[in-house]
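User: I have a model here that I would like to go through with you. Could you take my questions one at a time?
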Amino acid sequence: MSWQKQILRVNLSNGECTIEPLNMEWANQYLGQRGLGSKYLLEEMDPAADPLSAENKLIFATGPLTGTMASTGGRYSVITKGALTNAIACSNSGGKFGAELKAAGYDLLIIEGESDKPVYLHIEDDQVELCDADEVWGKTVWQTEALLKQKYLDPLMRFASIGQAGENLCRYACIVNDLHRAAGRSGVGAVMGAKKIKTIAVRGTIGVKSADPAKFFKIVNDVNARLTDRDEMSADGTLAMIDVTNRFGSLPTRNNRDIQFEGAEKLNPEAMQTPNANGHTNLVTNAACFGCTIGCGRICKIDPTHFSVKDKPQYHGASGGLEYETAYALGAAVGVDDIDAATYVGFLCNEYGMDPISLGSTIAAAMELFDIGAISEKETGGIKLEFGSAEALCTIAELTARGEGFGQDIGLGSKRLTEKYGHPELSMSVKGQEFAAYDGRSMQGMGLAYATSNRGACHLRADPYAHDFETTEIAGKAKIVKDTQDEVAFIDSSGLCSFPAGCGWSMDDYRQLVDAACEGEWDSERMLETGERIWNLERIFNQKAGFGRKDDTLPKRILEEPAPSGTAKGLVCRLDEMLPEYYQLRGWDDDGNPNAETRKRLGLD
Amino acid sequence: MQVTVKLFGALREFLPAGSGFNSCQLSIASNQVLGDLLSQLPIPAHKPYLVIINDEKINQQDYLSTNIQEQDEIVLLPPIKGG
């Protein structure tokens, strides 16, 4: 149990919606969510297909613990071939949508084909219909939710939607649920837009049952008590990291030209929680996703007198505020120290459906192009796209959200943008996906994690943090990255969030919850082997999509330009020394392909 | 002499009463070392943290041999993760 043991398949080309049994052999091998969705994707599509074609599939996947009473059990993932990367994409979100989809009776929702006109999917348990989307196509995420909640007279209906960015095929369009949670990375929203499906509206009343309820209740209580550091995360959210990386010297600033930002203390928890000169405080309260007992989310208000919103009362209310990654991307990366401007652009990302990390990093690349003269006001439409300009940040974000003017170029992502203007070295990305908020020179393990991440640069595919803050020596980092990649793959397949691991949980706490919720025995060996199997399956998908060792690399800036300041001043990322050891530990050949023994051991032939 | 000590993240709960959001001024004798300074802060032994002085990370084995200068800013960081 805890699996619903059925999937919903929706074919947009012929309009058929069918309920099928879940392949339990695969569920037992890949657990759920990221792992199980990736297995279905690899089995059902050609990895070489164009991500924006009808051949691509879009899979919404819950885990066995999604919708249960386990703390943070509200996660779901969107698995597809990424529009930004052309690699396997798995974008994870919280909020309440995933639990609602699970409660409606489905482990997976597989969307295939493409519609010839805009549609949306309406699910109420086993009642499923594709509906004409004329009334919401062209609307924002926020407008779409409001209109359809009113139409169905159901305030508890949950939505996962694209905004205009997804409709316009912005390469890093995301899928937004519950107004300000998002399956954010790799362009999953562009795939949804290409299929012309605006939103998934779901209401579930079936609920979720665990295999051994009494055992499960006890373990939920036991492990909840071990979230000893939850108060620290709820107080400052992930934004606490900005002071750590800034002081340490690993906060990417001005397109990684710098790794310490002189304006960081205008974006940090103190700035968020302290009244400004007008008496306005950015932070309103914290927020939690379904079943979460941590509450890291930020609910914030923009100062209504700020230039970005003074004539826009629709942005004067409270909504999802800055987290660490958005403060980096919409702050340090573009050299802007204006918390209201960054919060405003964050609101736009939620409203129009854009990944703020890729948006901010792409604007940063454009600012460097502007700085070196590769583009000018002629290309930008008169915008002085200078590092540090909050006005330019807000203006170009608005254009990108609407797909207008130079915003269309920003919507390409930094890789395509910098290639277009002749400077591909200025894209701070791996496999086409922009860096998260860590620099691979002062955090060598993170450099390796970025380079080897199956979905492109990502800070959540491994857990090298503690070792990276401890030392820049590379001994041991390949093993830490490999082992934690496997652990995170298991967590991402369970229906739980990875943040409890930073608040007191061990991997065994995750394992115990899965073991109690699911049939069969889930011991430590099976847990880690499952994670390893998932990682290798993703790798095989990418191999078939054309990726290989050549793509396990980092931008020249990180490999050749010494860190300009901070505790690691003078260092470059020693990726070439770590990568062979990493391949060896993985059981891969010199080209980064899983060898025959590895494939056989993991059941991947 | 007076030195500025900054405790970021959850470490700020260990600042003396009356401190700012995440910083305080501490008085130390001119011949005191980093270890003496840290002992003035009620941070439990099991709480890990990094110490950075003027962009240089100080390893734990050097706490008792690191001299403090009047202009130094001593920064304590919790080794958090995520983002």
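User: What share of the contacts in chain B between residues at least 6 apart in sequence join residues at least 24 apart?
Analyst: The share is 62% of those contacts in chain B, a contact being two residues whose C-beta atoms, placed from the backbone, lie within 7 Å. Please note that this is a predicted model, in which local features need pLDDT of at least 70 and side-chain atom pairs count only at pLDDT 80 or more, whereas totals for chains, interfaces and linings use all residues. Residues are numbered from 1 along each chain as its sequence is written, and chains are lettered from A and ligands numbered from 1 in the order in which they are written.

User: Which pattern does chain B follow along the sequence?
Analyst: Chain B reads β-β-α-β-β-β, with one helix and five strands. Helices (H or I, at least four residues) and strands (E, at least two) are DSSP runs, numbered from the N terminus.

User: What radius of gyration does chain B have?
Analyst: Chain B has 12 Å, which agrees with the value near 12 Å for a compact globule of 83 residues. The radius is taken over C-alpha atoms, and the globule rule is 2.2 Å times the number of residues to the power 0.38. Along the principal axes, the C-alpha atoms of chain B fill a box of roughly 40 × 30 × 25 Å.

User: Changing topic: why is helix 2 of chain A largely enclosed?
Analyst: Nine of its twelve residues are buried, so helix 2 of chain A is largely enclosed by the rest of the structure. Buried means that 20 or more other C-beta atoms, placed from the backbone, lie within 10 Å of the residue's own. The buried residues of helix 2 of chain A include R34(A), K39(A) and Y40(A).

User: Which residues of helix 18 of chain A meet helix 24 of chain A?
Analyst: G447(A), L448(A), A451(A) and T452(A) of helix 18 meet L575(A), M578(A) and Y582(A) of helix 24. The residues of this contact divide into five nonpolar, two polar and no charged.

Methods: Nonpolar A, V, L, I, M, F, W, Y, C, P; charged D, E, K, R; others polar.
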